[in-house]
Amino acid sequence: MLASAGGAYALYRTAIADAGPLPLDSAKSVSVTVVDRDERLLRAFTTTEGKWRLPLDPKDVDPNYLKLLFAFEDRRFYEHHGVDTKAVARAVVQMVRHARLVSGGSTLTMQVARLLDGKHERTPFGKLRQMARAIELERTLSKTEILKLYLRLAPFGGNLEGVRAASLAYFGKEPRRLSFGEAALLVALPQSPELRRLDRYPDAARRARDRVLESAVAAHAITEAEAAKAKTERMPVTRYAFPMFAPHLTETEVKARPQDSIVKLTLDRNLQASLEKLAGEQARLIGDKVSAAIIVADHQTGEILAQVGSPGYMDRDRQGAVDMANAVRSPGSTLKPFIFGLAFESGLAHPETLIDDRPVRFGTYSPKNFDETYHGTVSVREALAQSLNIPAVRALSRVGPGKLAGRFRRAGVTARFPDKSEPTLAMALGGTGMTLLDLTQLYTSLARGGDSIELFHRTDARARVAAATRVKPLVNAHRLMSPLAAWYVTDILKDAPPPQSAKGGRFAYKTGTSYGYRDAWAIGYDGRYVVAAWVGRPDNSSVPGILGRTAAAPILFDAFQRVSAKRSPLRSAPATALLVKNADLPAPLKRWRDPGDDPASGRYLEPPVLISFPPDQSEIEAAEHSEDPLVLKADGGALPLTWLIDGVPIASDAHSREADWQPGGAGFAKLTVIDANGRTDRVSVRLR
C-alpha cells in the first residue's frame, strides 16, 4: 500500500512539474467595464485578445444558475479538495462495465484548471495533470475565488467568455435574474461551446439545456413542473449588442485611466438612455445632418448625471461619432446673463434700470439686434428677457470683456479666442468659443448663487469636490459673481416664456443662437439641477431658421421633465435685494450711464451721433454714373447736425438727421457729422 501511495505521489509531482506554475495572471485580463452611479453597466470593451470577458461575483448571479451548475457539474464542490474521488471512482466503474465513458469525474475546479492552461487533454496523463492542477488551485485559492474564475472564464462560443458576457449577449440582461431555462442554457453551453452556439446550432443547444434540466430534477434541485416549464422557453438565436451608453464620455474616461478595469461614473443609466433617445428623436425632427447634445448636472454636488454627445454614435449621416458636448462653438446670447450679472455686482445697474436700445458704435464696432430693430428705452430686465444685443454690449463696455473672461476662469471655464486674441465686446453676442460642458459649468455657478463648484464624471472625485466646497477661503477665488447679482439674474430668467406646449415658470433658463444660424442653445436650472441642450451641425454649417427658443428650448423642457417631474425651488431673494420699481431706485440706478453722461447734474445727453448710411468702408456710385443725390443718414445726437465732406460743410436741414450729397468723381471721400454738443462720427467711402 505504501508503495502504491508513493507511486501516486510521484505521478502527482511529475504532473505538477509538467504543468508548471499556476497561470493565474492570464485570468486577470478582463474587459474594461464602465458602470453608472448604481453599478449598472454603461459600456464594456473587449480584451486585447478581442474577447468579451466581464468580471462577475457569485453574489451577482442568480441563485438558480448556481443551483443548476452544482447539480449538473459538481454536486460536492464545497466538500472536495479539487478532485471528487467518489465521482472519479464512479466514472471508472461505469467505463469498465459499459466499455465506454458514461459519466465524467471532472469538477469545477478541474475545469478552471483546464481553462487556465488552455488545454483540453483527454489522455490519462492529461487528466492526471488536470487533477494535480485542481489540487494546487484549491491549496492556493478559496472556493469563492475558484468559482469567480469559472464564472469569468467559461467559454460560450465565439468571443464570449464568462457567464456575464453570455447573459448580456444572449438574453440582453445581467445574470442577476434568470429563469430556469436561461440558467440551464448557461450551464449547458460551456461543455461544447462551438457546437452549441445559439446563432448556429440552436437545436443542439436546446437538447443540452433540457439534459441539464433533467439532471437538476434528478438531483432534486428543481421540480419536474419547473423543468417542464423551462423547456418551453424560447431559445435565443441571435446575439444582443452590448450596452453602449454615453459612448463619447466612456471612451474618453477609459483612455484617461488605462490602468482601471472598472470605471465608475456619476451618470444615471436610465436618465442617460432616456436623453439619448430624446436627442435622436428631436434631431430627426429638426432636419437632415442635424446633431444634438444634452448635459444634466446636479449643481448641489457637482455630479454630471447625463451627457449625450450626439443623436447616435453610429449615425454617419449626422456625424454621430463627433462629441458635440465638448465641441467648441459660438455660445450666441447665452453669455448675456453673466454680463448683466457683473453690472449688477458693480453697482452699475439694477433690473429696473432704464437703458437705451438705440444705434451705437464703439470705435468701428456697431452691434445690431438680432431682428435689426430698435426698442428705444427699456429696463435692464426687459433687455435681458428679450435678449437685446445693444444693451448687452453697452453693459459689457462698462464691465469690461477682460473682467468677464477673468470671472469665467474663476468658475473653471476658459473662453477661446482666435489666434490668442484678447476678449472684445463681441463676447456679448457670442464672439468667443465655448463647449456645452463649459456653459453647463457657468450656469451651475449661477444656479448656486454665484459660487462655483467643479463638475465631474467619476465617482472617485466626490470626496475631493465635497471637501473643496466646505473650505471657505478669505477671498473666494472661485466666485463667479455675488449672490445678490446672481439672484437678480435668476429672477429675470425665471420668467422667460416657455416654448409651445410646455409649462413655464418652474425654472430659470436662457436661449441663444449663434451668428449664421449655426448653433441653437438652451440652458436652464432649478434649485438642484442644471440642464443644457445644443442643436446644430457638426461641420459648423448653417441650419436655416434654427433658433435657440424653437430648436433647443423644447429639448431643454422635455429633458427637465425626464430628470424630475417635481421642480426644486429656486433660491429665495437675499435680504439685501432691492425689490422696487424704477421710480423708487436711487438716482444713480434709475438710468444707465454711458461714459459721456453727466451724473453730477443728473442730466443725460442724447445718444451719441452715428452715421448710419453710408456704412464705413462702403463703395458708392459717383455723380457721373448717378443723377440722384445720395441721402446721408445719422442716428442719435443733438440737433442741429453739421455735415462735412472732406472737411467742407454741405447744406443740411437743421431739423433733420438726413442730408443730400451729390458725389463728385471717382476716389475716396471722408464724411463727418457733428451734433449740437460737438460730438462727431466719421466714415470713409469709395466713389466709383
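## The antiparallel sheet

In this predicted model, 5 strands line up as an open sheet in the order E7-E6-E12-E11-E10, and their pairing is antiparallel. Some terms first: strands (E, at least two residues) and helices (H or I, at least four) are DSSP runs, numbered from the N terminus. Two strands count as paired if DSSP finds at least two bridges between them.

Which strands stand at the edges? They are E7 (303-308) and E10 (508-513), and each has a single partner strand, so one side of each is left without a neighbour in the sheet. On average, neighbouring strands here are turned by 10° against each other, direction ignored.

Now zoom in on E11 (residues 519-525) and E12 (residues 529-536): this antiparallel pair is held over 7 bridges. Ala 520 sits opposite Val 535 in E12.

## A helix across the sheet

Helix H17 (residues 436-447) lies across E6 (291-298), E7, E10, E11 and E12, and runs at about 150° to E12. Angles go from 0 to 180 degrees between N-to-C directions, with axes fitted to C-alpha atoms, for helices over the stretch in contact (heavy atoms within 4.5 Å).

## The mixed sheet

Another open sheet of 5 strands has the order E14-E20-E19-E16-E17, with mixed pairing. E14 (618-620) and E17 (648-650) are its edge strands; each has a single partner strand, so one side of each has no neighbour in the sheet. The twist averages 35° from one strand to the next.

E16 (residues 642-645) and E17 run antiparallel, joined by 3 bridges. Ile 645 has Val 648 in E17 as its bridge partner.

## Reading the numbers

Residues are numbered from 1 along each chain as its sequence is written, and side-chain values use heavy atoms, leaving out hydrogens and water. Local features need pLDDT of at least 70, side-chain atom pairs count only at pLDDT 80 or more, and totals for chains, interfaces and linings use all residues.
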